Amino acid sequence: MHVVCRREELDGQIWIDASHDGYLPKLGVTHRRRLYLTPDGEDLRGEDIVEGHGGANFALRFHLHPDVDASLAQSGTAALLRLPSGQGWRLRIGGGALSIEESAYLGKRGQVQRTMQVVASGPLEGDETILRWALMREDTKKRQKR
């Protein structure tokens, strides 16, 4: 398997660009992910690129901690994530259909807990499928509108 990862930082902003060809033998695709994080840590942006033959389906999974409640918002184009403190985060995804599904949390040795995951899924189209997503703290969005 061939893996490439590059990290850059400037004025507290962080960019990560990573790719691998681990899906190539079975699925005929490669995966690349680009991440950007603001200095305050309240805005994470991502881009997932699947390159290869179309016709198959993809699923991009965001596994959640058991204490996080998730619900679909904005006519199913976003998920609202609520922490026990009441703090909220909004996950917006373009390029796939969103759903909330069951998952398993393995954060404690020897213990499996039920949890949820946000899933973006759809067909691979052509030679390249791009999913863009953003995870932003809800309070931050409200402050920016003022």
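How many bridges join strand 8 to strand 11, and in which sense do the two strands run? Six bridges join them, and the strands run antiparallel. The legends below describe a predicted model.

View 1. Strands of a sheet pair through backbone hydrogen bonds, either parallel or antiparallel.

View 2. Strand 11 covers residues 128-137 and is joined to strand 8 by six bridges. Strand 7 (residues 78-82) is joined to strand 8 by five bridges, also in the antiparallel sense. Trp 89 takes part in both pairings: Leu 81 stands opposite Trp 89, and Arg 137 is the bridge partner of Trp 89 in strand 11. Strands 7 and 8 form a hairpin with five residues between them. In the turn, Gly 86 has a positive phi of about 100 degrees.

**View 3. Glu 138 contacts residues that include Trp 89 and Arg 90.** Glu 138 belongs to helix 2 (residues 138-145). With a relative accessibility of 10%, Glu 138 counts as buried. Its side chain makes a polar contact of 2.9 Å with the side chain of Arg 90. Apart from neighbours within four places in sequence, Glu 138 is in contact with Leu 80, Gly 88, Trp 89 and Arg 90.

**View 4. Strand 1 (residues 3-10) and strand 2 form a hairpin.** The two strands pair in the antiparallel sense over eight bridges. Val 4 has Ser 19 as its bridge partner in strand 2, and Glu 9 has Ile 14. Two residues lie between the strands, and Asp 11 in the turn has a positive phi of about 55 degrees.

**View 5. Asp 17 and Arg 32 meet in a salt bridge.** Asp 17 is in strand 2 (residues 13-20), whereas Arg 32 is in strand 3 (residues 29-37). The two residues are 15 residues apart, and the pair links distant parts of the chain. The N to O distance of the salt bridge is 2.5 Å. Leaving aside neighbours within four places in sequence, Asp 17 is in contact with Val 4, Cys 5, Arg 6, Arg 32, Arg 33 and Arg 34. The C-alpha atom of Asp 17 is separated by 6.5 Å from that of Arg 7, which is ten residues away along the chain.

**View 6. Arg 137 and Glu 42 form a salt bridge between buried residues.** Their side chains meet at 2.8 Å, N to O. Arg 137 is in strand 11, and Glu 42 is in the loop between strand 3 and strand 4 (43-52). The pair links distant parts of the chain, with the two residues 95 residues apart. Arg 137 is also the bridge partner of Trp 89.

**View 7. Further salt bridges include that of Asp 43 with Arg 45.** The N to O distance of this pair is 2.9 Å. Asp 43 is buried, with a relative accessible area of 10%, whereas Arg 45 counts as partly exposed at 35% relative accessibility. Arg 34, Glu 47 and Arg 132 are linked in a network of salt bridges. For the model, the count of salt bridges comes to eleven.

**View 8. Three strands form an open antiparallel sheet in the order 5-10-9.** Strand 5 (57-63) and strand 9 (97-108) stand at the edges; each has a single partner strand, so one side of each is left without a neighbour in the sheet. The twist averages 35 degrees from one strand to the next. Strand 9 and strand 10 (residues 111-123) pair over ten bridges in the antiparallel sense. Ile 100 has Val 118 in strand 10 as its bridge partner.

Methods: Residues are numbered from 1 along each chain as its sequence is written. This is a predicted model: local features need pLDDT of at least 70, side-chain atom pairs count only at pLDDT 80 or more; totals for chains, interfaces and linings use all residues. Side-chain values use heavy atoms; hydrogens and water are left out. Two strands pair if DSSP finds at least two bridges between them. Helices (H or I, at least four residues) and strands (E, at least two) are DSSP runs, numbered from the N terminus. Axes are lines fitted to C-alpha atoms, for helices over the stretch in contact, and angles run from 0 to 180 degrees between N-to-C directions. Buried means under 20% relative accessible area, exposed over 50%, partly exposed in between (1.4 Å probe, protein chains only). A polar contact is a pair of N or O atoms within 3.5 Å; within protein, one must be able to donate a hydrogen and the other to accept it, and residues adjacent in sequence count only if both atoms are side-chain atoms. Contact means heavy atoms within 4.5 Å. A salt bridge is a side-chain nitrogen of Lys or Arg within 4 Å of a carboxyl oxygen of Asp or Glu.
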